[in-house]
Amino acid sequence: MGEIRFMKGNEALAEAAIRAGMQGYFGYPITPQSEVIEYLAAEEPNHDYTLIQAESEVASINMVYGGAAAGARVMTTTSSPGYSLMQEGVSYIACAELPCVVANVARGGPGLGTIQAGQGDYFQAVKGGGHGDYRQIVLAPNSVQEMVDLTILAFDLADKYRTPVLILSDGAIGQMMEKVELPEPIPYKPDKPWATTGKTHDRERNIITSLYIQSDDMEKKNIHLQRKFKKIEENEVRYEEYMIEDAELIITAYGVTSRTSKKIVDLARESGIKMGLHRPITLWPFPADRISELANKNKVKAFFSIEMSAGQMVEDVKLSVNGVKPTFFYGRTGGIIPTPEEVIDFIQKKAGEL
Amino acid sequence: MREGYEVIYQKPKTLTDNKMHYCPGCIHGTMHKIFMELIEEMDLQEKTVGVCPVGCSVFAYDYMDVDMQEAAHGRAAAVATAIKRMLPDRIVFSYQGDGDLAAIGTAETLHACNRGENFLFIFINNGIYGMTGGQMAPTTLEGQKTTTSPFGRDKKNSGSPLKMTEMVTPLDGVAFTARVSGNTPANVRKAKRVFKKALEIQQQNIGTQFVEVVSNCPSGWKCTPVESMEWIVEKAIPYYPLGIFKEPGK
Ligand SMILES: Cc1ncc(C[n+]2csc(CCOP(=O)(O)OP(=O)(O)O)c2C)c(N)n1
Ligand code: SF4
Ligand SMILES: [Mg+2]
């Protein structure tokens with residue numbers, strides 16, 4: 001049994017990064033995420049990592065590039081507008097194949113938006129965000145405990161595949177306090193022969209770049225990247241389900257809305273409606289095969305994607321369901337969390353029309 | 001080695017055998033050579049990590065036989081910052097053009113200097129965007145014609161050419177600043193001495209080292225290499241004076 005603490009989501013993420021052996025943190029303050037850098041700044045004297053409050057998110061993500069390429073475990077965290085600023089850097093990192101962890105504790109947008117929680121950055125997170133053909137692993141915690149567990153997982157997956165891993169959280173999970181169990185610090189021994197640590201006489205120089213000026217080379221690089229992404233899709237899909245076995249109506253939701261959705265399932269079950277919840281934990285790779293399998297069950301009648309956006313993850317749900325069953329969307333924007341009551345009303349109305 | 005011959009001059013072992021892509025007469029190649037000579041002479045090859053910019057020297061890693069990272073346009077200072085913080089006992093340098101360091105990357109440059117990040121900036125100021133075909137840079141001289149200032153740089157529209165060395169010199173974090181050139185053999189030798197001083201200061205860990213090189217771009221300036229050297233003497237150096245601006249203990 002690990003150490004039990006009562007923590008804020010953002011602080012739990014920060015503490016987990018320390019325990020995962022993070023060596024460098026580079027960040028710029030933005031609500032509702034600033035507790036991460038504040039926590040790490042306060043803890044810095046007790047640990048071995050280096051922290052820099054960068055001059056911008058552009059600088060933070062490029063510090064992450066340099067630190068990762070120097071062979072260190074590095075992280076940056078931000079919230080939506082800051083994550084937009086990082087997109088060029090994420091694209092470079094994906095192409096240069098550098099392991100790193102980025103967290104977006106998302107707020108409502110577009111623009112400067114609101115500091116309340118949002119899920120409108122789904123497209124940006126899973127479809128690219130930056131330029132070019134790249135993918136990144138996207139993990140979506142829905143509790144303070146998962147802020148810990150998925151942060152540790154994020155560092156491991158980043159190293160395993162030499163890829164950026166995004167933790168797409170939201171302001172609600174980042175700000176809420178819950179009981180968490182913290183793991184013992186993980187002994188981390190970097191084995192990164194590709195890193196730029198100084199060309200010793202027994203090897204060629206190491207070059208970290210995303211530049212392949214000849215078309216042939218660039219295509220080769222792309223083929224290599226696509227193979228890697230395929231391997232990630234085959235091996236790293238993660239999801240959680242609730243009351244799914246006999247469900248006729250299935251909610252899909254991630255992050256904070258998956259918590260209210262669980263409550264919705266309970267309420268529906270009380271009134272005799274056979275509802276279940278499918279919660280993707282990896283938004284990329286998306287649990288498309290599992291959703292397709294559910295869609296092809298005879299008893300499943302329809303899907304409902306519940307989001308704090310104008311309809312983003314629903315596109316992936318629809319692609320997975322592939323027209324086999326009707327798929328509906330209900331969402332609120334502006335930082336408003338849909339209430340169980342309004343969602344149940346919506347689902348009952350739609351189910352009645354089936 | 002042919003019999004009866006002896007080696008009296010050769011490139012340093014810290015430069016690869018790759019053929020450089022720089023235009024004839026371009027000072028980029030000269031600076032690569034003297035800096036890599038120093039890395040060899042000071043026995044720093046195994047300890048050095050460099051950062052290339054986006055600009056004509058984007059492929060510096062093809063020539064410099066040390067570990068290198070290619071940064072996004074303007075972000076070399078942020079990248080170098082993290083390398084040095086993660087590997088404090090290595091020698092770290094960034095090699096950047098004027099568009100890279102003084103336009104798109106101004107914030108990263110200034111803040112790295114202000115934090116006193118302990119790496120060396122090698123700042124190649126040729127007053128133009130060489131790589132993209134000769135557009136105006138923040139350092140283009142007043143009246144100088146480029147493809148985006150076809151009637152000459154107009155101060156009212158574009159401001160005065162930025163003097164980066166003078167800008168970063170007063171910052172507390174900065175330990176060493178100098179402006180050198182590569183236009184004459186004497187200036188090349190001086191530049192090498194200045195780089196050496198900068199690397200020694202890096203080993204003392206007392207603050208940022210910033211060395212600006214008044215450089216040329218015969219292709220972008222649309223002139224011969226010889227004419228470009230004359231331009232450096234007549235136009236560039238009067239506006240960008242050479243010398244050491246700041247050094248420890250002075
Ligand atoms: C974000 C971004 N914007 C623009 C460019 C295009 N670009 C490449 S190099 C360059 C200017 C290079 O000029 P400088 O830094 O002075 O280097 P030089 O080629 O003169 O040595 C520009 C604008 C780019 N690669 N990335
Ligand atoms: S374009 Fe200009 S800066 Fe670039 S290699 Fe040619 S002469 Fe040098
Ligand atoms: Mg230039």
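B:Asn126 and B:Ile128 are both buried, a term that denotes under 20% relative accessible area, with exposed over 50% and partly exposed in between (1.4 Å probe, protein chains only). The model is predicted: local features need pLDDT of at least 70, side-chain atom pairs count only at pLDDT 80 or more, and totals for chains, interfaces and linings use all residues. Residues are numbered from 1 along each chain as its sequence is written, chains are lettered from A and ligands numbered from 1 in the order in which they are written, and side-chain values use heavy atoms, with hydrogens and water left out.

**Ligand 1**

Ligand 1 is located between chains A and B. Around this ligand stand 17 residues, and the closest are B:Cys56, B:Asp98, B:Gly99, B:Asp100 and B:Gly130; a residue is counted if one of its heavy atoms lies within 4 Å. By class, the shell has 6 nonpolar, 8 polar and 3 charged residues. Here Ala, Val, Leu, Ile, Met, Phe, Trp, Tyr, Cys and Pro count as nonpolar, Asp, Glu, Lys and Arg as charged, and the others, Gly among them, as polar.

| Residue | Protein atom | Distance to an oxygen atom of ligand 1 |
|---|---|---|
| B:Asp98 | polar side-chain atom | 2.2 Å |
| B:Met131 | backbone N or O atom | 2.9 Å |
| B:Ile128 | polar backbone atom | 3.0 Å |

Taken alone, ligand 1 exposes 600 Å², of which the protein buries 77%.

**Ligand 2**

Among the residues around ligand 2 are B:Cys23, B:Cys26, B:His28, B:Cys56 and B:Asn126. This shell has 6 nonpolar, 4 polar and no charged residues.

**B:Thr140**

B:Thr140 is buried, with a relative accessible area of 0%. Its side chain reaches the backbone nitrogen of B:Ala137 at 2.7 Å. Not counting residues up to four places away in sequence, B:Thr140 touches B:Gly127, B:Ile128, B:Thr146, B:Arg153 and B:Pro161, where contact means heavy atoms within 4.5 Å.

Definitions and conventions: A polar contact is a pair of N or O atoms within 3.5 Å; within protein, one must be able to donate a hydrogen and the other to accept it, and residues adjacent in sequence count only if both atoms are side-chain atoms. Accessible areas come from the Shrake-Rupley method with a 1.4 Å probe; for residues, only the protein chains shown count as cover.
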